[in-house]
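Biologist: Hello! I am new to this structure and would like to learn how to read it. Could you walk me through a few features?

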Amino acid sequence: VIRCRAAVAWAVGKPLSVEEVEVAPPKAGEVRIKIVATGICRTDDHVLEGCFPNVDFPVIPGHEGAGIVESIGEGVTSVKPGDKVIPLCLPQCGECSFCLNPESYYCQKSHVSEPQNLMPDKTSRFTCKGKQIHHFLWVSTFAEYTVVPEYAVAKIDAAAPLDKVCLLGCGFPTGYGAAINTAKVKPGSTCAIFGIGGVGLSVVMGCKAAGAARIIAVDINKDKFAKARELGATDCISPRDFKKPIQEVLTEMTGHGVDYSFEVIGHADTMTAALASCNMNTGVCVMVGVPVSGSVISVDPMLLLSGRTWQGTLLGGWKMRDSIPKLVSSYLEKKFNSDLLITHILPIAKVNEGFELLRAGKSIRSVLLF
């Protein structure tokens with residue numbers, strides 16, 4: 001058993017508490033990782049707000065981390081102690097019908113199919129003050145040491161800087177992949193991105209990499225516009241500057257609506273606006289933002305009857321264990337610069353400060369170091 005620091009969420013709506021926790025050794029098929037760095041993602045904030053009823057408290061959140069394998073359980077062959085790794089919040093078991101389908105990137109062991117609040121054997125590896133602490137998406141990267149199933153770990157290049165590539169655990173591949181894999185943005189096309197936080201800016205980067213001619217960033221926080229332009233946005237607009245609905249503004253700006261629109265906020269009204277803003281016949285709208293559990297969208301079926309495509313994406317459509325090591329290699333080859341998303345670096349003791357920066361719209365990505 002290892003004793004270490006972790007940021008524990010004891011109850012909904014309460015700040016995280018940095019505690020000493022006990023982390024049990026890995027059982028068969030499991031890997032114990034020393035987390036070096038972890039990003040703060042909006043999804044972690046949703047956990048603290050209680051937006052996901054299938055997340056159990058007390059819990060150690062965090063799902064965008066990078067670290068070093070400390071020990072392995074019986075039967076583990078893909079990683080060994082000392083390897084640099086990224087824990088995966090979307091596993092790839094390699095055995096379910098989804099994993100075996102080359103066109104699918106989902107895994108039936110994912111949290112969307114079955115809660116990952118406990119390890120697959122329905123027990124926890126975390127205790128604190130004599131109480132069992134739940135896992136989050138199996139990865140719980142707000143702990144200095146964490147235990148995950150082997151199929152939720154990707155071994156990465158030993159040269160990778162962990163304090164930078166931690167973003168490749170969630171935020172960057174989610175946005176970048178939404179453009180590259182899900183929408184399959186074509187060269188010369190027009191795109192609109194609703195919400196330009198860390199994931200939305202990664203969509204901007206994906207659209208640019210795909211050769212989009214016009215990339216329109218939409219956000220009510222104009223402080224983010226400079227960063228959006230730096231990463232490839234050609235236009236930046238705030239819905240608050242117009243008297244008419246934003247979908248009408250975008251349609252007027254582009255003639256017949258954009259070719260691709262992305263909703264990266266998770267609100268029902270912006271999802272509908274994003275759909276309406278793309279071309280009524282050939283437009284593709286991708287839902288990237290995570291809505292509050294139980295959200296319902298009311299939509300005019302004519303928006304779809306005319307030919308639009310409306311689809312969602314999880315983690316950008318990558319088969320994670322296969323793809324994350326390749327993305328890390330692309331990062332090292334400077335094919336993209338996800339470092340530009342990092343605005344704050346904080347010690348784990350300042351985790352609540354990181355969340356305050358996020359809620360105030362003052363950070364793109366804060367990275368916590370142990």
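Biologist: Which residues of helix H8 are buried?

Modeller: This is a predicted model, so everything here is read from computed coordinates. Buried means under 20% relative accessible area. In H8, that label goes to Thr270, Met271, Thr272, Ala273, Ala274, Leu275, Ala276 and Ser277. Eight of the 10 residues in this helix, which spans 268-277, are buried, so H8 is largely enclosed by the rest of the structure.

Biologist: What do the buried residues of H8 pack against?

Modeller: They pack against the strands S10, S13 (260-263), S14 (284-287) and S15, and against the helices H7 and H9 (302-305).

Biologist: Several of those are strands. How should I read a sheet, and in what order do the strands of this one come?

Modeller: Strands of a sheet pair through backbone hydrogen bonds, either parallel or antiparallel. Here six strands make an open sheet with parallel pairing, and the order is S12-S11-S10-S13-S14-S15. At the edges sit S12 (235-237) and S15 (309-312), each of which pairs on one side only. On average, neighbouring strands in this sheet are turned by 15 degrees against each other, direction ignored.

Biologist: Let me zoom in on one pair. How many bridges join S11 to S12?

Modeller: Three bridges join S11, residues 214-218, to S12, and the two run parallel. For one of the residues involved, Ile216, the bridge partner in S12 is Asp235.

Biologist: Now a single side chain. Is Arg32 buried or exposed?

Modeller: Look at the relative accessible area: for Arg32 the value is 6%, so this residue is buried. Arg32 is part of strand S3 (residues 30-39).

Biologist: What does the side chain of Arg32 make a polar contact with?

Modeller: One partner is the side chain of Glu70, at 2.6 Å. The Arg32 side chain also reaches the backbone oxygen of Ala24, at 3.4 Å. Leaving aside neighbours within four places in sequence, the residues in contact with Arg32 include Val1, Ile2, Pro25, Ile68 and Thr146.

Biologist: On to charged pairs. How many salt bridges does a search of the whole structure find?

Modeller: The search finds 20. Take Lys27 and Asp121, whose side chains meet at 3.1 Å, N to O. This pair links distant parts of the chain, 94 residues apart: Lys27 is in the loop between S2 (17-23) and S3, and Asp121 in the loop between H2 (97-100) and S6 (126-128). Lys27 is partly exposed at 39% relative accessible area, and Asp121 is partly exposed at 37%.

Biologist: Which residue forms a salt bridge with Lys34?

Modeller: That is Glu144, with the closest N and O atoms 3.4 Å apart. Lys34 is in S3 and Glu144 in the loop between S7 (131-133) and S8 (145-149), 110 residues apart. Lys34 is partly exposed at 30%, whereas Glu144 is buried at 12%.

Biologist: And where do Asp45 and Arg359 lie?

Modeller: Asp45 is in helix H1 (residues 42-49) and Arg359 in helix H11 (residues 351-359), so the pair ties together parts 314 residues apart in sequence. Their side chains meet in a salt bridge at 2.7 Å, N to O. Asp45 is buried at 0% relative accessibility, while Arg359 is partly exposed at 46%.

Methods:
Residues numbered from 1 in each chain as written. Predicted model: local features only at pLDDT ≥ 70, side-chain atom pairs only at ≥ 80, totals over all residues. Heavy atoms only, no water. Pairing = 2+ DSSP bridges. Helix = DSSP H or I, 4+ residues; strand = E, 2+ residues; numbered from the N terminus. Axes fitted to C-alpha atoms, helices over the stretch in contact; angles between N-to-C directions. Buried < 20%, exposed > 50% of the residue type's maximum accessible area, 1.4 Å probe, protein only. Contact = heavy atoms within 4.5 Å. Polar contact = N/O pair within 3.5 Å; in protein donor to acceptor, adjacent residues only side chain to side chain. Salt bridge = Lys/Arg side-chain N within 4 Å of Asp/Glu carboxyl O.
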